[in-house]
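Biologist: I have this one open for the first time. Could you walk me through some of it?

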Amino acid sequence: MLRQVSDFSDFSRGNWLQELLCQGEEPSHVQSSPDGQHLLVLQKNRPPFLPLVVAFQRHGIGGADLERNWQPHQPALVGLFFLQRPLTLGTWVLALVWEHGRTEVWHFVVAVGWQLLQTVELCQGARARIVSVCSRGTSLMWCEERPPLDAHLDMSKCAFRFCVCTRALEVGEQGVRLGAVRIVLHNSPEYQILASPQHVFLVPTASFATTSKFLLIWHPEKAKLTITAPSAGFIHSKALRSSSESDFRKLLLGSVGLLSGLAPLDIHTSAVSNSGGLLLVSSKGDVNMVEPDGTQRHIIDLQGGSLAQGSPVQLKTFGSILACVLAGVLYLIDQKSGRLVEKKILGMKGVHFLESPGEEDSIQLLTQSGIYSLSFSRPEDSSKPEPFLVEMVFEEACRYYQRRSLSSSKLTVEKLKKGGVFQAPVALTAILQHSLCQKHKPAQGLQDTYAKLLSTMSLELQSYMSLELLKNCVVCAPESEVESYCEKLVEQEVSRVLHSDMDKDNLMYLNSIFASFPKAAWKAIRSCLQLQQNGDGLLVARATPEVWKKVLGRPQQEEVGQNGVVPLFELICTSFLRFRPKWLPSFVELTQQYVGISWTYSSKEGPEGRVPLYKRALGVLARRNNCSEADDEMELELLLCSKRPKAVLQALHLLIHLKRWQRVVEVAEKFSKLSPLLNKEIFTTLLAEFAQHRELDPYLDTLWPLCPTELTASEILTVVLQHLPHSQEDPMPFSSKGDQLTVGLLKPLLQRVVQRPCVQDELYSDALRSPTFPPPTPPRELKITLKAADSGAPQPPMARTSSPLALAQGDTA
C-alpha cells in the first residue's frame, strides 16, 4: 500500500528540493542519514549553475545547512558519506572527499547546524587523483590514479597505473586523526570501491581484455584478497602479508590461464546489500548476488529486454526484501527465495530511496510530490488457492524436468500446469493442499489414487510438519534456547539430506549448514552415522550402506569446485579436525572398511576408483592455515591407517627424516606382516639406514628377525656397500671415529641368513624325509595275469595297467 507521509513542508529546505525535482533536473545523488533526519543532495550537471552539494535537516529545528559548490575546472567531488563517530559526540559527522584527495569533515550540532570540523589530505602524492572512495567503519578506502611521469607514453601501456589504498580516519572530540596509508593493491586497473560492514568489493570499470572478467574482494580482518568471477565462482584467494605481495600482476600470476577463458563481466548497476553481499544488475536485467566468499547466487530476471547504458537503476535492501526501481516500475523481491513479492508501476520519475528507521516492513520513496511510504508486509491470504509450498513444488519440478529434457526450450510453471503430461507435481500439490490446509477450512476430498499416495507419504509429511514446527520454534524462541533448537534443526536437516539424492543443490546446502553451524553440524553427523567408541576404544558406526554411499561418494568434477562446494567426506573430515582430531584416523580406517559394503565390487563409481580416502583426508589437512606438530603426527596416522604399501613407506620415510627411531622400528615390525613385498621394501630401507649411521644399533635385535627369507647374504652385502657413507678423511678400515659400520655389527644378520635352510631344500624336504628310497614296489600279480592269458579268459584291469617296472621285475622272477 502506497501512502504519502510528507509533502516537503516538514523540510528546512523543502521548497528548494521540490523545485529542484519538478524542474526535471535529476540529482546525481540523494542520501539520508541513518536516522532519516538529514538529507544529502548532490547536483553535478545543472548548467548554467555550478555543481552543488547540500545537506539539510528534514525537520526544521534550526541551524545552518551545509552548502558547497565548486568551479568546473576545480577538482570534483568523488565521495560523500556519513562516518561512524564516537557516542560521546552526539552529532552526525559527514565527510566530503574531493578528487585530489582533500577531505572535509563536517559535524552537526543541534541548534547550531553544520560546521566544518577539519580538512585533511588523504593522498600522499601531489599528482594522485582519486576515482572511487568508500567508508568502512572508521576507515576510508579508495582507488587513486598515479599518472606516469612521461606524459607521451601510450595510455594502453599504462593501464595498470592505479593503486588501491586504505587509511584510518577517526573523529574525536578534539578533531580528526588520520592513520598511516596502507597500500592494498598497486599496479592495478581502475576499480569502483564498494564497502559492506565486513568486506570491500572491487568492481572493474575499464574494459580491458583480462581485468574485466573478474571481481576482487578485500577481507580487512584477514588481509586477504579473493578473486571471483560471476561466470565461474571462486577462483583464488591470497593473503597479502607484505607490500611485495600486493602487486596486481603477481596476484594474477597463477590464474591467468583460467581467467583467459572466462566471459567478460556484464554489469549495468552494482550496489551492496545490508547482508554484506554485492548486488549486480546485468544489461539484460538479471539480478545476481556475489557473496563475500566469492560464490554467486542468481536472484531474479527483472525484464526480458536489454537495459540502455544510461538508464538509471535504483537498488536498496530493506531486511530480506530487495527494492529495485527500473523504468518507472518498482520491484520488491525476496532475496532468499528470489520470489517477486510485488510489482508496482509508479508513474513518476526521479524516485530515490530513503532510510526508514524503525519501519522494517516499509520503504520510503522521495518523489517530485513528496515522500511516500510503501508497506510490503502482507496479511495471510486464506483465499489463495495454492499456498507457497505448492508453488515451490512446481518450481522444483520445473528444474527436475528441465535437467532431463532434451529440448532447449525453457520449461515454466505455467507450461507445467497446463501441459497435462507431468502428473507427479499435480498429484503432490493435491496431497499437500489436502494435508496442509488451514484448520478453519474443511479438508477437500481426494481421489482414490491420491489417497493411496497420501497413506504412503504420511510419515514423510509428519516429518516435514515437525520440521516446520521446529523452524517456527527457532524464530520465536528466547536467546537462551535458540542454540538447542538450532542443534535439533540442523540434525533433522542433515538427516533429511542424507536420505535424499545427493545432487549439487543438496551438497551446496550442506556446505552452508557446516559453514553457518559448525558445532551443530558436527553433532548432527555423529548422530546420523551413530559414531561412537566401543569398550576397546575403537570407533564404530551403524549407518546404512546407502548413507555410506552418500558420505564416501565423490561428485563429478563439474558439480564441485566451481563455487567452492566441498564434498561431504571432506566436510566431515574438517569437522573431525576441528572438534575431535584424534578420531580422524580411526574414521578414515572405518570408511575404508565400509567401501566394500557400499560398493560390492571395485568400480570407478566408488571413492577408491578415483582418489583414495586417506589422500582426500590428507588434502583436508593440507588446506589448514596453521601447521603444527600435531598436524605432522596426524599426517603420519592417516598414512598408516590406510595400510597401503606406498602410504606405509611414505610414513616410514617421514619418520626416518624426523629421526624418530623407536617409532620407525614399531611401524616396521607391525606392517612387515602385511605382505612379503612390503616386508622386503621395509627391511631394505632400514638396512640402507643401518649402513649410513649408528642410530638403529639399539634396535638390531628387533630388526634382524624381519629379514625376508628370500634375501641372500650377497644381496645384503650389496645393499650395505651401496649405502655406505662416503668420507675422505680416513681410509675405511682405519677410521678414527666410532660411528663406522663394522663386521661385528653385521655378523648376527649374516649368520642368521647363512644358517637358514636353502629354499630348494625346503621344496624337496618332504621327499628327503621319506623313510625309504626308492619308494616300495607295487604288489606282484604277474602269475595271475599269465594264467588268465593261457586259459583265454579276459585280462583283468590290473594286468592291463601294470607299470613297466612291475613287468620287468616279473620277468626276472
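This is a predicted model: local features need pLDDT of at least 70, side-chain atom pairs count only at pLDDT 80 or more; totals for chains, interfaces and linings use all residues.

Biologist: Okay, how many bridges join strand 3 to strand 4?

Modeller: Six, between strand 3 (residues 38-43) and strand 4 (residues 52-57), and the two run antiparallel. Two strands count as paired if DSSP finds at least two bridges between them.

Biologist: Which sheet are they in, and in what order do the strands come?

Modeller: An open sheet of four strands, ordered 2-3-4-5, with antiparallel pairing. Its edge strands are strand 2 (29-32) and strand 5 (66-69), each pairing on one side only. From one strand to the next the twist averages 10 degrees; axes are lines fitted to C-alpha atoms, for helices over the stretch in contact, and angles run from 0 to 180 degrees between N-to-C directions.

Biologist: What holds paired strands together in general?

Modeller: Strands of a sheet pair through backbone hydrogen bonds, either parallel or antiparallel.

Biologist: New topic: is strand 18 mostly covered or mostly open?

Modeller: Mostly covered: in strand 18 (residues 224-229), five of its six residues are buried. Buried means under 20% relative accessible area, with exposed over 50% and partly exposed in between (1.4 Å probe, protein chains only).

Biologist: And what does strand 18 pair with?

Modeller: Strand 17 (residues 215-219) pairs with strand 18 in the antiparallel sense over five bridges, with Trp218 opposite Leu225. Strand 18 also pairs antiparallel with strand 19 (residues 233-239), over six bridges, and there Lys224 faces Ala239.

Biologist: How many residues sit in the hairpins there?

Modeller: Four lie between strand 17 and strand 18, and Ala223 in that turn has a positive phi of about 55 degrees. The hairpin from strand 18 to strand 19 goes through three residues.

Biologist: What about strand 29, how many of its residues are buried?

Modeller: Six of its six residues (362-367). Ser362, Gln364 and Leu366 point one way, while Ile363, Leu365 and Thr367 point the other way.

Biologist: Which strands does strand 29 pair with?

Modeller: Strand 28 (residues 352-354) pairs with strand 29 in the antiparallel sense over three bridges, and Gln364 is the bridge partner of Leu354. Strand 30 (residues 370-375) is joined to strand 29 by six bridges, also antiparallel, with Leu366 opposite Ile371. A hairpin of two residues links strand 29 to strand 30.

Biologist: Now helices. How do helix 12 and helix 14 cross?

Modeller: The axes of helix 12 (residues 568-579) and helix 14 (residues 613-622) come within 9 Å and cross at roughly 55 degrees.

Biologist: Why call them oblique?

Modeller: Under 35 degrees counts as roughly parallel, over 145 as roughly antiparallel, 65 to 115 as roughly perpendicular and the rest as oblique, so helix 12 and helix 14 are oblique to each other.

Biologist: Which residues meet there?

Modeller: Phe569, Glu570, Cys573, Thr574 and Leu577 in helix 12 meet Leu613, Arg616, Ala617, Val620 and Leu621 in helix 14, where contact means heavy atoms within 4.5 Å.

Terms used:
Residues are numbered from 1 along each chain as its sequence is written. Side-chain values use heavy atoms; hydrogens and water are left out.
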